[in-house]
Amino acid sequence: MNIARETIMQQPALPRRLLEFGTSELDVSDTRNDAEPYTDEYHELCRNFVRETVEVCGFYRERVRRAGISLEDLESAAGFEAIPPLSSGEVSALDDSVLLPDETRQHLKTGFFGLPEERKMWRKFTTSGSSGLKPKVSYYTKADWEVLVATGARFLASYVAPGTMTRVFNCFSGGHVGAKFQEDGISTYGCSVEGAHISRTTPAAVLEQLMRGGALELGGFDGLAIPPGLAKGSPGASKGTNLDSLLNLDADNFIGKNIRVIITSGSPRDAAGLNLKERVWEANELAGAPKTKFFEMYGFSESLPNAIDCEHNVGLHLGAGPTYTEVLDEKTGKHVRNGERGFVVITGIRSGSRFIRYAVGDEATYVTEPCPCGRTSPRLQNIQRVVELERLQQGCGGGV
Ligand SMILES: [Zn+2]
């Protein structure tokens, strides 16, 4: 049947990438990972990763020894949950290479020349240090990066109907993890991506590139990957030109007319006072164009992607992949239940820098009720930066 064939052809062809530790594996390109809660197999993969890390990385060997946790303990959920979360301050105080496996630290000294390509060091990112702490460092091997990119592309395949956007303008600034992640992820999904040129340092110059680039003869850009902008008075560094600043300058209503999908990340899109969706939808109406669809991706240079919201915009769906996310009660350190608020704690499942139960410095409400979109994967709502460092240091039952 022609119709069936067309339907199949419209599905993005994603590269099959396996996340493998111990006897567990996860195909991160499989969109079923987005439809349901973390499976038992995924929890086990995470525990296998932790056990391997304790064996190969001196930092964690010492950390679990001090906590009185044995390798056998780590085979159970209870053992994993006994690992004290790492705080942002702790990570920030570490030298660049400390979270790498011991052998990888040796290669960092002498080079990765003799290693197969997938084990070579591929990306290194640092945070901006805008929280007042020393920038935090994350290394990714080539295999790590490929898993991460395939997961980002899978998120898009799950949530953004193919063909909704085809030519995407990437406004994340070059050195930031978001720029490379969005570029590689969106390309893998099936769009062409053009980055904001390094010489365009003002929102006006970036808007000009948006209006003139993207194969204008074929319709120009119809997608935007961009930081949302920061609500007045909120902490954090601007990660390049943002949507708020472009909307303020867009006198010709290019965005309302032409942009069908806007992907944001880096800070909360729906922060009070920004009203980004409302402003764009008003611009759509003025232009007689359909409503632009918004998707917010959640992730960090230390590990990404964690979650993305569906077009209902009622919380970000967690999806199994290289980032295993927990939401822990600030006082007890136990996982919160539906509707409760807690600290976001992540485990980055990869071969480069190891982040195990790392409290990233955000809090969120954890929602397990099925979403209007029909998916049953848990969602994070109302994600906010924890600005009081004392709360983070004393948080999660004193473990952080
Ligand atoms: Zn949903």
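This is a predicted model: local features need pLDDT of at least 70, side-chain atom pairs count only at pLDDT 80 or more; totals for chains, interfaces and linings use all residues.
Two residues are said to be in contact if their C-beta atoms, placed from the backbone, lie within 7 Å. With its neighbours within four places in sequence left aside, Ile-262 is in contact with Leu-224, Ile-226, Leu-243, Val-280, Thr-292 and Phe-294.

Along with Val-168 and Tyr-358, Ile-262 is among the residues with the most contacts inside the largest nonpolar core, which has 98 residues. Helix H7 supplies the largest share of this core, namely 11 residues. The core draws on both parts of the chain, taking at least three residues from each of domain 1 and domain 2.

These two domains deserve a description of their own. Domain 1 is made up of the segments 23-146, 302-308 and 315-398, while domain 2 covers residues 160-301. The centres of domain 1 and domain 2, taken over C-alpha atoms, are separated by 28 Å. Where they meet, 20 residues of domain 1 are in contact with 14 residues of domain 2. On the side of domain 1 that touches domain 2, two or more residues are given by each of strand S3 (121-126), strand S10 and strand S15 (379-385). Of these elements, S10 provides the largest share, six residues.

Strand S10 leads the reader to the sheet. In this open sheet, 11 strands follow the order S6-S5-S7-S8-S9-S10-S11-S15-S14-S13-S12, and their pairing is mixed. Strand S6 (192-195) and strand S12 (323-328) are the edge strands, since each pairs on one side only. On average, neighbouring strands of the sheet are turned by 35° against each other, direction ignored. Helix H7, spanning residues 142-159, packs on the sheet and touches strand S9 (293-300) and S10. The direction of H7 makes about 5° with that of S10.

How is S10 joined to S11? Strand S10 (residues 303-309) and strand S11 (residues 316-318) run antiparallel and are joined by three bridges. Within this pair, Asp-309 has Leu-316 in S11 as its bridge partner.

A further strand of the sheet, S14 (residues 355-367), contains Asp-362. Is Asp-362 buried or exposed? A residue counts as buried if 20 or more other C-beta atoms lie within 10 Å of its own. Asp-362 has 20 other C-beta atoms within 10 Å and is therefore buried. Not counting residues up to four places away in sequence, Asp-362 touches Val-344, Ile-383, Gln-384, Arg-385 and Val-386. Asn-248, by contrast, lies 114 residues from Asp-362 in sequence and 28 Å from Asp-362 in space, C-alpha to C-alpha.

Just after H9, Gly-214 takes a positive phi of about 70°.

Conventions:
Residues are numbered from 1 along each chain as its sequence is written. Two strands pair if DSSP finds at least two bridges between them. Helices (H or I, at least four residues) and strands (E, at least two) are DSSP runs, numbered from the N terminus. Axes are lines fitted to C-alpha atoms, for helices over the stretch in contact, and angles run from 0 to 180 degrees between N-to-C directions. A nonpolar core is a set of buried Ala, Val, Leu, Ile, Met, Phe, Trp, Tyr and Cys residues joined through C-beta atoms within 7 Å. A residue is buried if 20 or more other C-beta atoms lie within 10 Å of its own, exposed if 12 or fewer, and partly exposed in between; C-beta atoms are placed from the backbone. Domain bounds come from an automatic or database domain assignment.
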